[in-house]
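User: I have a model open on my screen and would like to learn how to read it. Could you take me through it one feature at a time?

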Amino acid sequence: MKVDLEDLNAFVAVAGAKGFRDGARLSGGSASALSEAVRRLEAQLGVRLLHRTTRSVRPTEAGERLLERLRPALTEVEAALDVVNGFRDRPAGTLKLNVPISASRLVLPSIVPRFLAAYPDISLEVIAEDGFVDVLAAGCDAGIRYDERLEQDMVAVPIGPRFQRFAVAAAPSYLDRHGRPEHPRDLLGHNCLRGRFASGSTPPWEFERDGETLRVDVTGQLTVRIGAAADLSVDAALAGAGVVYLFEDWLRPHLDSGALEPVLEPWWLRFSGPFLYYPGRRLLPAPLRALWTSYSARRVAETPIRLESRRRWDSRRLRTAAGRPS
């Protein structure tokens, strides 16, 4: 039986995304083309592979069995083609990354232009979202995430700044009217510009100083989607509407210009920077290897670290993983 490889890829994309529209978004195709490919595959195999309703798409039992065998097989096909790619003078192909919105704004701008210039035969696609994502099911080669949000059994290498901070700031005009907080708990009396995850949870603001850690459940008039609408909270803070809590690097231009004034800086929470991560069980694709080469040419390369848990990484563990004495 001769089955088109593209039809198999279409089935995997739709099943992994649990929908034709999401499958099209992640694969770069169209929903109608994916639908036609799956129908064609089902007709050739003579069995229904997907249960379709107006609200969801999910594999049938036959589809589940096929999916279990297809994913590793297609990965091997990609790896085989990539071996051939290694014989080219310059790496070629498509690199698909899934990254948080903060990384697309704060990490990739310093890496991507140099990478594209160094490897003109590579096409880069970046999907920015802040939810938990299975990079393989999403059709991506790798992702960027912070350590507490990394998936288990993945290989990760540090990328971007090794440490970052959450900053708190407000416009001087707001602080002149409402006073300057001297302790994190003072924020309970302020109009705080909060963020909400896609899951619906509104995280507390976290602070630390001299070994003391505090979480403050702030309140305020404006709540925005974390990542996707963070710029709205920054604009509101610049207009004097309240106090904003965000990555220091995100707020830095406004802090440097004086448009925003730092608040409670001795309490700003410091945390480890992001990681580039990918499945350890597959051959590293040439475009992904090229990305890391492009980045590490400017920075000392770190030894890949296999993740065994989602525990927060401490400085000793990072130094050991990098091959430096602790």
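Analyst: Happy to! Let's begin with a definition: two residues are in contact when heavy atoms lie within 4.5 Å. Keep in mind that this is a predicted model.

User: What percentage of the contacts between residues at least 6 apart in sequence join residues at least 24 apart?

Analyst: In this chain, 73% of them do.

User: How many helices and strands does the chain have, and what percentage of its residues count as buried?

Analyst: The secondary structure comes to eleven helices and 16 strands. Of the 326 residues, 45% count as buried, where buried means under 20% relative accessible area.

User: How do I read a nonpolar core, and which residues of the largest one touch the most other members?

Analyst: The general idea is a set of buried residues such as Val, Leu and Phe, joined through side-chain atoms within 4.5 Å. Here the largest such core has 35 residues, and those touching the most other members are Val168, Leu187, Trp205, Phe207, Val243, Val244 and Leu251. Several elements give two or more residues to this core, including β7 (163–170), α8 (230–238) and α9 (248–257). The top contributor is β12, with five residues. For a close look, select Leu251: leaving aside residues up to four places away in sequence, it touches Ala167, Ala169, Val234, Val244, Leu246 and Leu260. There is also a second, separate core of 23 residues, with Val99, Leu108, Ile122 and Ala290 among them.

User: How are two packed helices described, in general?

Analyst: By the angle between their axes and the distance between the axes. In this model, α8 and α9 pack at about 25°, their axes 12 Å apart. Angles under 35 degrees count as roughly parallel, so α8 is roughly parallel to α9. The crossing is right-handed. On the α8 side the contact is made by Ala230, Asp231, Val234 and Leu238, and on the α9 side by Trp250, Leu251 and His254.

User: What span should helix α1 have, and is α1 buried or exposed?

Analyst: At 1.5 Å a residue, the 13 residues of α1 (residues 5–17) should span 18 Å, and the end C-alpha atoms are 18 Å apart, which agrees. Ten of those 13 residues are buried, so α1 is largely enclosed by the rest of the structure. Among the buried ones are Asp7, Leu8, Phe11 and Gly16.

User: Which residue follows α1?

Analyst: That is Lys18, and its phi is positive, near 60°.

Technical notes. Residues are numbered from 1 along each chain as its sequence is written. This is a predicted model: local features need pLDDT of at least 70, side-chain atom pairs count only at pLDDT 80 or more; totals for chains, interfaces and linings use all residues. Side-chain values use heavy atoms; hydrogens and water are left out. Buried means under 20% relative accessible area, exposed over 50%, partly exposed in between (1.4 Å probe, protein chains only). Helices (H or I, at least four residues) and strands (E, at least two) are DSSP runs, numbered from the N terminus. The expected span of a helix is 1.5 Å times one less than its number of residues. Axes are lines fitted to C-alpha atoms, for helices over the stretch in contact, and angles run from 0 to 180 degrees between N-to-C directions. Angles under 35 degrees count as roughly parallel, over 145 as roughly antiparallel, 65 to 115 as roughly perpendicular and the rest as oblique. A crossing is left-handed if the near helix is turned anticlockwise from the far one by less than a right angle, and right-handed if clockwise.
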